[in-house]
Amino acid sequence: MMALDVDELIDDAETRVIVCCGSGGVGKTTTAAAIALRAAERGRQTVVLTIDPARRLAQALGLRELGNHPRQVQVEGFDPKGELWAMMLDMRRTFDDMVRAHAGPQRAEQLLANPFYQTISTSFSGTQEYMAMEKLGQLAATGDWDLIVVDTPPSRSALDFLDAPTRLSTALDGRMIRLLTGPAKAGGWGLRKVVTAGFSMFAKAVSTIIGGQLLADASAFMQAFDSMFGGFRERARKTSELLRSKGTAFLVIAAPEPDALREASYFVDRLSEESMPLSGLVANRTHPVLADLSAGAALSAADRSEASAPLATAVLRLHADRVALAERENRLLSRFTRAHPEVPIVRVPALPSDVHDVAGLRDIGDRLANNS
C-alpha cells in the first residue's frame with residue numbers, strides 16, 4: 001500500500017482546500033478538525049467548515065457553539081504558529097445572506113417573505129449541499145485563509161455536494177422558470193398552460209407542502225429570483241472549478257469495515273469520473289497488533305495458564321481477539337488497495353475514548369501523520 005503523507009499535504013502552500021468525504025459515522029468531522037488544527041499549528045491560516053449539526057466540532061475545539069460565520073479558536077493550551085477558525089453551516093441563513101447580497105434590499109425582502117422561497121430554502125433537495133458550496137466559495141473569495149478544510153454531509157450525500165450546483169441550477173433554470181413565470185405574464189391562459197404542460201404532478205406534490213398558493217407564490221419567487229440567477233449560476237460554476245483545481249485535495253474517510261469501504265470505493269470511482277483531485281484514503285479507527293505474538297500461540301498459552309494465572313489468560317485471549325480483528329481489517333484494506341492501487345492510505349488507530357478537546361484532536365493529527 002502507498003502511504004499517505006498528511007504533513008506533506010498540509011505543508012504544501014499550493015494546497016488551498018481539503019475536502020473530507022465518506023459515509024456516516026466514520027469520523028469525518030473529527031478528522032477534518034484534526035487536520036485543520038495540525039495545519040494551524042504548522043503555520044497555516046486555516047478555517048474548518050463543518051456541515052454536521054451535532055456540534056461535535058465545537059465541543060472538540062473547546063467552544064460552546066459555532067455559527068454561520070468563522071470564529072477564531074482561542075483556548076488554553078493552543079498557541080499555533082498560524083491561526084485556526086471554525087464554523088458550522090446554517091443552511092437557511094446562508095441562503096438568506098446570499099439573497100440579501102445579490103437581490104437588492106426591496107427584492108430581497110420580497111424573496112425572503114415568499115412561502116415558496118421558505119420551502120426550498122429549508123427542504124428542497126440539494127439545498128444543504130448547494131449552500132455548503134456557496135459558503136465554500138465565499139470563504140475562498142475572501143482570501144483571509146490559505147487553507148480551507150471542509151467536513152461534508154454523511155453517506156452518499158457527500159457526492160451530492162459535488163452535484164449540488166448543477167442540480168439546483170437545473171431545477172431552478174430553463175423550463176421551470178418559463179413555466180412559473182408564465183402565469184403572471186399570460187394571465188389565466190398562462191396558468192392553464194402550466195397545468196397542462198406536464199407540470200401538474202410537480203405542482204400537486206409541492207402544493208401539499210406549501211398549500212394552494214403554490215403557483216402564485218412560485219411565479220412571484222421565480223420572477224424576483226430570475227434577475228439574480230446569473231450570479232447564482234456563475235458562483236456555482238466557479239466553486240465547481242475550485243473543487244477540480246490543483247489546489248484542492250479530497251480525502252476519503254472510512255472505517256475498516258465492509259460497508260464503509262464499499263462506500264469509500266464508490267467515492268473514489270466517482271471522484272475519478274469527475275476529475276476531482278483525490279489525495280488518499282484515511283482508514284480510521286484501525287486496531288494494530290501491539291505485540292509480536294500470533295493468535296494461535298496466544299490461545300495455546302492461554303489454555304496452559306488458565307488454571308494458574310487467570311489474569312494472564314484473559315490478556316492472552318484478548319490479544320488473540322485483537323490479532324483476529326487486525327487480520328480482518330488487513331484483508332479488507334488489501335481488497336480496497338487491489339481495486340484502487342493508485343490511492344495512498346494512512347491508518348489511524350482507534351483511541352480508547354471519544355475526542356472532546358484540543359489535546360485529543362492533536363493526538364489524532366499525530367496519528368494521521370504517523371507520529372504517534
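## Sheet and helix packing

Me: In which sense do strand 3 and strand 4 pair?
Reply: Strand 3 and strand 4 (residues 83-88) pair over 2 bridges, where pairing requires that DSSP finds at least two bridges between the strands, and the elements are DSSP runs numbered from the N terminus (helices H or I, at least four residues; strands E, at least two). This is a predicted model, in which local features need pLDDT of at least 70 and side-chain atom pairs count only at pLDDT 80 or more, while totals for chains, interfaces and linings use all residues. Residues are numbered from 1 along each chain as its sequence is written, and side-chain values use heavy atoms, with hydrogens and water left out. The sense in which strand 3 and strand 4 pair is antiparallel.

Me: Which are the edge strands?
Reply: The open sheet has 8 strands with mixed pairing, in the order 3-4-2-5-1-6-7-8. Each edge strand pairs on one side only, and the two that do so are strand 3 (71-72) and strand 8 (345-349).

Me: At what angle does helix 14 run to strand 7?
Reply: Helix 14 lies across both strand 7 (278-286) and strand 8. Axes are lines fitted to C-alpha atoms, for helices over the stretch in contact (heavy atoms within 4.5 Å), and angles run from 0 to 180 degrees between N-to-C directions. On that basis, the angle of helix 14 to strand 7 is about 170°.

Me: Are helix 13 and helix 14 roughly parallel or roughly antiparallel?
Reply: The axes of helix 13 (residues 295-305) and helix 14 (residues 310-339) come within 8 Å and cross at roughly 160°. Angles under 35 degrees count as roughly parallel, over 145 as roughly antiparallel, 65 to 115 as roughly perpendicular and the rest as oblique. Helix 13 is therefore, relative to helix 14, roughly antiparallel.

Me: Is Thr-15 buried or exposed?
Reply: Thr-15 lies in the loop between helix 1 (6-11) and strand 1 (17-21), and its contacts include Leu-9, Arg-44 and Asp-146. Under 20% relative accessible area counts as buried, over 50% as exposed and in between as partly exposed (1.4 Å probe, protein chains only). With a relative accessible area of 7%, Thr-15 is therefore buried.

Note on methods: Lists of a residue's contacts leave out its neighbours within four places in sequence.
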